[in-house]
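Me: I would like to go through the labels used for this model and check what each one rests on. Please set each value against its definition.

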Amino acid sequence: MGNQYKQYIDGEWTTGESTETFTSENPATGETLGTFHHGTETDVERAVDAAEEAYEDWRSLSRINRAEYLWDVYHELRDRHEELGEIVSMECGKEISEGKADVTEAWHMVEWAAGDARHPQGDVVPSEVASKDAYMRRKPRGVVGCITPWNFPVAIPFWHMAVTLVEGNTVVWKPAEQTPWCAQIVAEMMVDAGIPDGVFNLVQGYGDTGAAIVDHDDVNTVLFTGSAEVGQGIASEVAQYPGKRAACEMGGKNAIVITEKADLDTAVHSAVMSSFKTTGQRCVSSERLIVHADVYDEFKERFVSLAEDVAVGDPLEEDTFMGPLIEAEHHEKVREYNELARSEDTNVLVDRTELDDREIPDGHEDGHWVGPFVYEADPDADLRCTSEEVFGPHVALLKYEGDIERGVEIQNDTEYGLAGAVISEDYRQINYYRDHAEVGLAYGNLPCIGAEVQLPFGGVKKSGNGFPSAREIIEAVTDRTAWTLNNSRDIEMAQGLSADITTKDE
Ligand code: NAD
């Protein structure tokens, strides 16, 4: 079932050298959506050669001309919004408004990058010497390898590729093996926008295809978004090669701190959105709710009641709140973590690990269904379930006493540092959280999900390696040159350094 699709290398749709294929599956039904070629090392080699070959011509266009191609991609994304939004929903199981929002976020990113092409690039800076002009200028880095996850199959590729292309780099992209159909449509849009041959290449496949991109000598920049396990491996691999760079955006064990001064309507709404939207499969999803003792009982009652009730169902239906998990292997992992939480020292409050048959829509019996799992735990206990990223609707309530400092201390008691939120009506508590929470994305009186492209997107600690994505990806895909021009015939140095050349006769 489904069509058979090719890879896009050097301006051609091709099976490549690959004879092995893989399929994409609808996680809500088990239906096969399409068959794809598993890219080999030779396919990667060809794609990198094409990107290398196309690089000089592409970088020699003006930034504004390069952006014009991206404006065409922007229109493609808008014109095919409904169609692609549904494909996102079908291929990764996100409910339909999320499927469409994924595409909207992608065109926002393209709009930002293409619009930025007419803005100043670099800085004009003063020199100590009146006759010198000094600038910070940016140069593209060359062939950029983009390796993306399945959970934002349209938005994240554009977080990687939009700015990268506008800045004059060429791209070899390896999307996630779970969402090759979304990648196919994105590639069709790039082709329809007339992006010159070799500037954009799509190689499909699994981790081995991604690893071949990372290892290639002519890929000097790797942009990776995905799990900490894979990202750390890529960052250490790349660190062995001088001049090579990897920008890695990874997972989280995100938290919301709900203080004694919280508005509980805001707290409950934010917590449900953060923990269960996308079935907990956002890098910024919250798996820890840190709640002050004074409001704990009321918060718990209201949160638990909604966790029991949120609608799990067909992602294509608008009244669904949670779709399925992405695949069988991940379903098993979430089941195991729920089991682990039971075996560690916790008190389980909601367990919808196995849904009632009546909750599963007709014809969707083969989907990877799961509902919320909620438990109470001691914030001081050293538990795996409250420390490791589950990436599912698995959430711990952690009660604290004392001031905001204690709430933030628990929030920071994790190796990760991606996203977090504070819910409070007291601006002093909010400001304390803003200044002390060890996260790259922080929210006040909001869910800890919901990024916008004009802000940097990236974590600290184990969640990122210092190159945030979205607008800030420019730091990963360009090199800065300090450029100084002398307008005089004399050479005059900064810091009063003498420019006189004395000779032995003097
Ligand atoms: P993953 O790490 O399993 O895979 C991500 C990509 O890396 C895929 O394309 C995969 O094929 C590729 N890959 C796997 N092994 C590789 C290797 N050895 N070398 C090169 N490439 C390799 O992640 P996933 O399951 O697709 O996504 C879920 C994870 O991503 C979660 O941990 C989530 O928190 C994280 N995530 C992070 C962000 C962020 O911006 N921080 C955003 C979305 C998802």
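Me: Where is Thr23 found?

Reply: Thr23 is found in strand E4. Strands (E, at least two residues) and helices (H or I, at least four) are DSSP runs numbered from the N terminus. This is a predicted model, in which local features need pLDDT of at least 70 and side-chain atom pairs count only at pLDDT 80 or more, while totals for chains, interfaces and linings use all residues. Residues are numbered from 1 along each chain as its sequence is written, and side-chain values use heavy atoms, with hydrogens and water left out.

Me: Why is Thr23 called partly exposed?

Reply: The classes are buried (under 20% relative accessible area), exposed (over 50%) and partly exposed in between, with a 1.4 Å probe and protein chains only. Thr23 has 43% relative accessibility and therefore counts as partly exposed. Thr23 belongs to the uncovered face of E4 with Thr21 and Glu25, whereas Phe22 and Ser24 form the covered face. In a regular strand the side chains alternate between the two faces of the sheet.

Me: Which residues does Thr23 touch, not counting those up to four places away in sequence?

Reply: They are Thr32, Gly34 and Thr35, where contact means heavy atoms within 4.5 Å. As for Glu177, 154 residues from Thr23 along the chain, the two C-alpha atoms are separated by 8.6 Å.

Me: What makes E4 an edge strand?

Reply: Two strands pair if DSSP finds at least two bridges between them. The open sheet has three strands in the order E1-E5-E4, with mixed pairing. E4 and E1 (3–4) each pair on one side only, and these are the edge strands. Five bridges join E4 to E5, and these two run antiparallel; Thr21 has His37 as its bridge partner in E5. E1 and E5 run parallel and are joined by two bridges, with Asn3 opposite Gly34 in E5. The hairpin of E4 and E5 has six residues between the strands, and Gly30 in the turn has a positive phi of about 85°.

Me: How do you know that the length of H3 agrees with its number of residues?

Reply: The expected span of a helix is 1.5 Å times one less than its number of residues. For the 12 residues of H3 (residues 81–92) this gives 16 Å, and the end C-alpha atoms are 16 Å apart, which agrees.

Me: Why is H3 described as largely enclosed by the rest of the structure?

Reply: Nine of its 12 residues are buried, so the description holds for H3. Among the buried residues are His81, Leu84, Gly85 and Glu91. The buried residues of H3 pack against strands E4 (21–25) and E5 (32–37), and against helices H2 (63–79), H4 (96–116) and H6 (180–192). Just after H3, Gly93 has a positive phi of about 80°.

Me: Why is Lys94 called buried?

Reply: Lys94 has 2% relative accessibility and therefore counts as buried. Lys94 is in the loop between H3 and H4. A polar atom of the Lys94 side chain lies 2.7 Å from the backbone oxygen of Asn151. For a polar contact, a pair of N or O atoms must lie within 3.5 Å; within protein, one must be able to donate a hydrogen and the other to accept it, and residues adjacent in sequence count only if both atoms are side-chain atoms.
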